[in-house]
Amino acid sequence: MSIINVNEEKCVGCNACVRACPASEANVAKLDETGQLRILINDNKCIKCGACIEACSHGARSFQDDIDDFLDDLQSGREVAVIVAPSIKISFEGQWRHVLNWMREHGNVKIYDVGYGADICTWAHLRYLQKHPGEKLISQPCAAVVNFVLYHKPELIPHLSPVQSPMMCIAIYIRKVLGFRGKIAALSPCIAKIEEFRDTGVINYNVTMEHLKVYFQENGITFPNEKVCYDFEFDAGQGWEGNIFPRPGGLMKNLLVHDPEMEITTSEGTHRLYEELDGYLEQNREALPTVFDVLNCEYGCNGGPAIGRERQRFVMNDIMHQVERYSRKMRKANTTKKGVDKQFEQFDKTLRLEDFLRTYEGKKTESKVITEADIEQAYKDLRKSTDIERHFDCHACGYKSCREMAIALARGINEKENCYEYMMKMVREERQKVSEVNQEVLTMNHELMEIFGELSQNIDSVREEAEAIRNVGVKSSEEMQNVSEHMNDLKQLNQKILDSMGNINESVDKYNVMTRDVEKIAGKINLLSLNAAIEAARAGEAGRGFAVVATNIRDLSDSSKESVGSAKENDEEIHIAMEDINLVVNKFDTTIGELLSAVEEAISGARQTSENSEHIKLSMEKVSCIAEKVQKVIRDTNNILN
């Protein structure tokens, strides 16, 4: 389970975490799928010091502790021992006693002072050094420092003090001396303590003061403020000088109270501590102090990453000064006239030194072996060829030197894009390419300007021609409309001719009937005249006059027949002529209809042509407008490029 987590969406790849981190391999820079640089954590290299959380101004990093499990046990009524770091006086200032009373009121808890465990820690150091004169120790109350040694500097393990930290000392005291078998929760300002507790298996929960504050805020739990008090009714002994352990040099001051001649050197803060640890073994053993009292945080545990309040140095020092005065007063009251420390005398009687010692196992994982050839290749990848380029050392990547960046690149835990100088070179090269492209663009733009000039002229010509076509179309439409009107007049005239021809045809038909009737009458007259002639012949002289009449009648009948014959011949000719006329008139009518349809189509086409011409004109105006905009863009581009 990771202790320090990264919210990749909030990470901007600013490398602030890399700069703050004392463990160079703990942070891994990677480009995500969008090309954004993200700084991830290698949990097997992270010492959990929390420096990256404080350095991150984007809220991309956070930590977790065991507060949820602790609160579950508290609410369930399970018996829990709470060991409280002295830095609670800094974190909760005038409210710290109310916080501890709240725990007692809301759970089955016993509360113990880690300051008492710090007194045991001081006692154990003194007794160990008495048994091992000449030892050179690096103090280990700081879990982040222990993690650094175990993960990154296992060669320092022989110098790492075997004496447990104050928190572990009070927990062991509770277990072995008081016989407590329940769970133990540590109320601390430290993130890294959770790993110490897992390694030793004595303390079950690391409950950070910061997350406890958040719990109170989220649940609307408030406490009254009072003047800072320095005593509290703990369930076992209260610490004396041990309560100043959270301040820088706290262990040193405690040791010097009992052994003023002991050589002790202190170091605090990530900015110099880890460099000094790197150089620790390079010193002559004689030059090393008896105790190298070290703390990861610049202000000691009072400035721990999970203290839960803004660090105010003068306030912290004032509180610790009051604590120290109170502790000295308490120790003085418990020291005999012969200078015997009653507390340590009691420790000698009831405690076994071996119970408060630990051994260490290194946790250093294998890293990729980096050769000078690998570093050289990394320099090439970074485009660093000259000595100046390889010692640019701008720290923008988060490392102290270009060589460290090259090593990180060779190890695969960083990206060349994270190098400022590399990116600047790429920018300059890209700028040169852009400049060349810009020159080409300028040339092309000039050509485009000429083309658009011609296009504008052509557009104007097309627009004028479209306008002319539209005008012609309108005129043609009007003329075709006149033709259509005349054709309609012809159609009406033709219809009258058709009607007249119908009347003529009807009269001719009547005339044919009359002719046939005359022919029939002539035949009858001829028959009558023949009969009359026969009768006149029979009458002799008497019928001679009648015979003349009969002859005249027959002549008239013959004449009528001849006339009728001629009329029939004429009638046939008229009929043929009338049929021809009818065909011509009908064909003329069909032709007129076809002509009208053609004229109507022509009118429609002329109107469509006119409309299309109007559309063309509008389109050309739009194209002309677009061309003007393009020309403006080109001119603006040319101005920028120039």
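Buried means under 20% relative accessible area, exposed means over 50%, and partly exposed lies in between (1.4 Å probe, protein chains only). The model is predicted: local features need pLDDT of at least 70, side-chain atom pairs count only at pLDDT 80 or more, and totals for chains, interfaces and linings use all residues. Residues are numbered from 1 along each chain as its sequence is written, and side-chain values use heavy atoms, with hydrogens and water left out.

**View 1. Overview of the protein chain.**
The protein chain holds 19 helices and 11 strands; these are DSSP runs numbered from the N terminus, helices being H or I with at least four residues and strands E with at least two. Of its 642 residues, 43% count as buried. Contact means heavy atoms within 4.5 Å. Among contacts between residues at least 6 apart in sequence, 77% join residues at least 24 apart.

**View 2. Strand S8 and its partners.**
Strand S8 (residues 183-188) has five of its six residues buried, so the rest of the structure largely encloses it. Two strands pair if DSSP finds at least two bridges between them. S8 runs parallel to strand S5 (residues 80-84), joined by five bridges, and Val 84 stands opposite Leu 187 in S8. Four bridges join S8 to strand S9 (residues 205-208), also in parallel, with Ser 188 opposite Thr 208 in S9. Together with helix H9 (residues 193-200), S8 and S9 make a right-handed β-α-β unit. A crossover is right-handed if, with the strands pointing away from the viewer, the path from the first strand over the helix to the second runs clockwise.

**View 3. Ile 83 in the largest nonpolar core.**
A nonpolar core is a set of buried Ala, Val, Leu, Ile, Met, Phe, Trp, Tyr and Cys residues joined through side-chain atoms within 4.5 Å. The largest has 69 residues, of which Phe 70, Ile 83 and Leu 187 touch the most other members. Helix H6 (residues 114-131) gives the largest share of this core, 10 residues. Leaving aside neighbours within four places in sequence, the contacts of Ile 83 include Tyr 112, Met 167, Ile 184, Leu 187 and Ile 203. Apart from this core lies another of 63 residues, among them Cys 21, Val 28, Tyr 280 and Ile 413.

**View 4. Aromatic pairs.**
Rings of Phe, Tyr and Trp (its six-membered ring) pair if their centres lie within 6.5 Å; planes under 30 degrees apart count as stacked, over 60 as edge-to-face and the rest as tilted. The whole structure contains 14 aromatic pairs. Trp 123 and Phe 347 are edge-to-face, at 6.0 Å centre to centre and 65° between the planes. This pair links distant parts of the chain, with Trp 123 in helix H6 and Phe 347 in helix H14 (residues 342-350), 224 residues apart. Both Trp 123 and Phe 347 are buried. Phe 232 and Phe 234 form another edge-to-face pair, at 5.0 Å and 70°. Phe 232 is buried, with a relative accessible area of 10%, and Phe 234 counts as buried at 11%. Ring pairs also link Tyr 116, Trp 123, Tyr 173, Phe 344, Phe 347 and Phe 356 into a cluster.

**View 5. Lysines over rings.**
A charge sits over a ring if NZ of Lys or CZ of Arg is within 6 Å of the ring centre and within 35 degrees of the ring normal. The charged end of Lys 89 sits over the ring of Trp 96, 4.7 Å from its centre. For Lys 213, the ring is that of Phe 92, with 5.3 Å to the centre.
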